[in-house]
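Subject: Handing over a structure

Hello,

I am passing this structure on to you, and I hope you enjoy looking through it. Below it you will find my notes on what turned up.

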Amino acid sequence: AHESIPHSVGGSRMITQVLPKEVTRQLRNVAQSLSASVNDVCVMEMLRLIQSWNRAVGDASPNRWIRLVVPVSLRTPDHDRMPAANLVSCAFVTRTFAECDDAATLLQSIRKQTGEMLHQQEGFVLLKCLHFLRRIPGLLSLVLRTKSCFGSVILAYVGDVRRLFSGRFPLHHGKWVA
C-alpha cells in the first residue's frame, strides 16, 4: 500500500491521491487476475473501506447502505470536438454493509452493474431527474435542502492519463503543457 497522505485541493473536501507508477501497475495486475477493470476493483475496495471504517466506529448495521457516486462520461464519437467536461454525469453504486462482506461476490456484482451502466447509459438517469426537478419551481432547491445523503463518497479513478495520448507534451517546471 502507498503510505503518502492524501491532500485536500484548495481547502475543499475533495481529496486526491496520485499513485506511484508501481501501485498503478499492481492495480492493473490485480484487476487483470480478477477479470475486472481497475475501476471496478477500486469501487469494491472503497465500499469495503467505508464498511470497515463504520465497523471501527461502531456504526455497521448489516442493512445500512453505502452509496458511491461514480462519474461517467456520456461522450460518443459524435462528441470528439467537444470538451470532455461538457458530457459528464454520475451513476450510483449502492450496496448494503452485508453485501460488502464477501469480496468476490461484491466484485462480481460491481462488474455486472458497471457493464450495464455503460451499455444502458445510466448517467442519463441523473440528468433526466435534474431536468424534471428544475421544471417545477422550487422543487430542486427543496430536494437539495433535505438532510438526505445522496452519496457516501465520489470515486473517480482516472488511471495513467499518459496512456490516453500517443504524443508527448512538453514539460514546464515538471508539469505538462498541453
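Two strands are said to pair if DSSP finds at least two bridges between them. Helices (H or I, at least four residues) and strands (E, at least two) are themselves DSSP runs, numbered from the N terminus. Please keep in mind that this is a predicted model, in which local features need pLDDT of at least 70 and side-chain atom pairs count only at pLDDT 80 or more, while totals for chains, interfaces and linings use all residues. Residues are numbered from 1 along each chain as its sequence is written, and side-chain values use heavy atoms, with hydrogens and water left out.

**The overall picture**

The protein has five helices and seven strands. Starting at the N terminus, their order is β-β-α-α-β-β-α-α-α-β-β-β. Of the 178 residues, 22% are buried; buried means under 20% relative accessible area, exposed over 50%, and partly exposed in between (1.4 Å probe, protein chains only). The accessible surface comes to about 13100 Å², and carbon and sulfur atoms hold 58% of that. Such areas come from the Shrake-Rupley method with a 1.4 Å probe, and for residues only the protein chains shown count as cover. As for contacts (heavy atoms within 4.5 Å), 56% of those with a separation of 6 or more are between residues 24 or more positions apart.

**The sheet**

Three strands form an open sheet in the order β4-β3-β5, with mixed pairing. β4 and β5 (153–154) stand at the edges with a single partner strand each, so one side of each has no neighbour in the sheet. In general, strands of a sheet pair through backbone hydrogen bonds, either parallel or antiparallel. Here β3 and β4 run antiparallel and are joined by nine bridges, whereas β3 and β5 pair in the parallel sense over two bridges.

In β5 it stands opposite V153, and in β4 its bridge partner is V93. V69 stands opposite I154 in β5.

**The core**

Which residues touch the most other members of the largest nonpolar core? They are V43, L47, L68 and V93, out of 26 residues in that core. The elements that give two or more residues to this core are α1, α2, β3 (65–73), β4 (88–96) and α3 (103–119). The most comes from α2, with eight residues. A nonpolar core here is a set of buried Ala, Val, Leu, Ile, Met, Phe, Trp, Tyr and Cys residues joined through side-chain atoms within 4.5 Å.

Leaving out residues up to four places away in sequence, L47 touches I66, L68, V93, R95, C100, L106 and I110.

**Some single residues**

N54 lies in helix α2. Is N54 buried or exposed? It is buried, with a relative accessible area of 8%. Apart from residues up to four places away in sequence, N54 touches D59, A60, R64 and F97. N54 and F97 are 43 residues apart in sequence, and their C-alpha atoms are 9.3 Å apart in space.

S35 sits in the loop between α1 (21–33) and α2 (38–56). S35 is exposed, with a relative accessible area of 54%. Its phi is near 55 degrees, a positive value in a residue other than glycine.

N86 belongs to the loop between β3 and β4. N86 is exposed too, with a relative accessible area of 51%. From its C-alpha atom to that of L74, 12 residues apart along the chain, the separation is 9.0 Å.

**Rings**

The charged end of R67 sits over the ring of F92, 5.8 Å from its centre. That label requires NZ of Lys or CZ of Arg to be within 6 Å of the ring centre and within 35 degrees of the ring normal.
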